[in-house]
Amino acid sequence: MERRDFIKDSAISAVAVGSAPHTFGTGRSPLSLSQADSKRAFWPNGARLAISISLMFEGGRQAISGAGGPISEPIKDGLPDLTTNAFFAYGHYEGIPRALNLFDKHKIKVSSFMIGKAIEQAPELAREIVRRGHEAAAHGRTWSPSYNLSREEEKRFIADSVETIHRITGQTAIGWNAYWLRNSVHILETLQELGFLYSIDEPSHDEPFIIEGKGKDFVTVPYTFHMNDISSFPFEGYNPQGYEQALRDEFDQLYEERASRRRLMLIGMHDRINGHANRIRVLDRFLTYARSHDDVWFARKDEIAKWALEHKEDTPILHRGPASVTGLPGT
C-alpha cells in the first residue's frame, strides 16, 4: 500500500471509530515496525535523532510601549518603556554574539528567524550570523501580530521581511515563523506564493511533516512551547537546574524513541533571554551532553525541510481541509 493511500484509509477508519488518524513517520505504528525498518537511519549519515535550534532576532522592533519583558507591572499611559526597550537591546549587544560563539564551540548550525526592522538596526550582526553558516529565516516586518491583517496585508508584512533579509544578508529566506506562531487562515497559500519551503508555526509533532498545498508540498518543521525560553522559562521563577533537566529529559526520551521512529528535538531561544551569560552556560552543558551521544544530527531547519521532501517515504503527509474549518493550517 502506498503511503498516501495508507493515510487516507487511516483517516476514513478513524472517522468510523471516532478517533484520530494515525500519521506515523513510516505509515505504520512504531510498535509494528519490522526488524529491518527499526534499524535503518532516518536522517543523514546514519543519524536517528535531529536537534534544531531557533535563534530569534527580535530586539529593536518591539512596540516602544507595552512590549512584554521581565517587569510584570505594565507601564502607564502608553509612555515609552525605556527599561524594557533596553532589555530587548541586550539581544543584539550581548545575547546573539554570545550565542554565536557557543554554536561555534560545538560546531553546530542553527536557524535565525529575523525581524526585518530589527536587523536594519544591527545589519552587521545579521550578516555575521549568515557568514558563520547559519540560516536566515523570516519573522515579519516588526515583532507584532499579522494574523489579524487582510490576506494582502499579511502577505506584504511577510514579503517585507524577506526583502530586508536578502538586502542585508544576501540570503533568501525560505522559512517562516509568525509572532507567537499565529497566522491567518490564508497562510499556507500565501507562503507558497512567496516561495517559502517551510514554516515552524505548529507544535503538533516531534518530527517534520508535509501538508499538501495547492500544486506542491509544504513542510512544517514543528516548534515547541515547552522547550521555548520565552514561554516556559521566563525570568520570573526561572530555575536553571530545572531548565537543564528539562532539556536532558526531552533529549533522553526522544533519543530512546529514535529506535523505531524519526525524532526531532526543537529548542527555541531568544536573543534577549537565553543569550544571557548564565543561560548560555546551561545550554553549553546540555550541548556537551547531547553531542556525547551517537546518531544525533544538529541541523538548520531548511536542511530538515529539504530532507523531509527528499525522503517522503519517512515523512507524514497530512491531508487537511481549509484552515477556517479544521482550525489547523491547510487548504
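The model is predicted, so local features need pLDDT of at least 70 and side-chain atom pairs count only at pLDDT 80 or more, while totals for chains, interfaces and linings use all residues. Residues are numbered from 1 along each chain as its sequence is written, and side-chain values use heavy atoms, leaving out hydrogens and water.

Two rings of Phe, Tyr or Trp (its six-membered ring) pair if their centres lie within 6.5 Å; planes under 30 degrees apart are stacked, over 60 edge-to-face, and the rest tilted. By this rule there are 11 aromatic pairs. One of them joins Trp143 and Tyr179, edge-to-face, with 5.1 Å between centres and 75° between planes. Trp143 sits in the loop between strand S3 (135-138) and helix H6 (151-169), and Tyr179, 36 residues away, in the loop between strand S4 (175-176) and helix H7 (187-193). Helices (H or I, at least four residues) and strands (E, at least two) are DSSP runs numbered from the N terminus.

Is Trp143 buried or exposed? Its relative accessibility is 11%, so Trp143 counts as buried, whereas Tyr179, at 21%, counts as partly exposed. Buried means under 20% relative accessible area, exposed over 50%, and partly exposed in between (1.4 Å probe, protein chains only).

Ring pairs also link Trp143 and Tyr179 with Phe87 and Phe88 into a cluster. Arg272 lies over the face of Trp143, 4.9 Å from the ring centre. A charge sits over a ring if NZ of Lys or CZ of Arg is within 6 Å of the ring centre and within 35 degrees of the ring normal.
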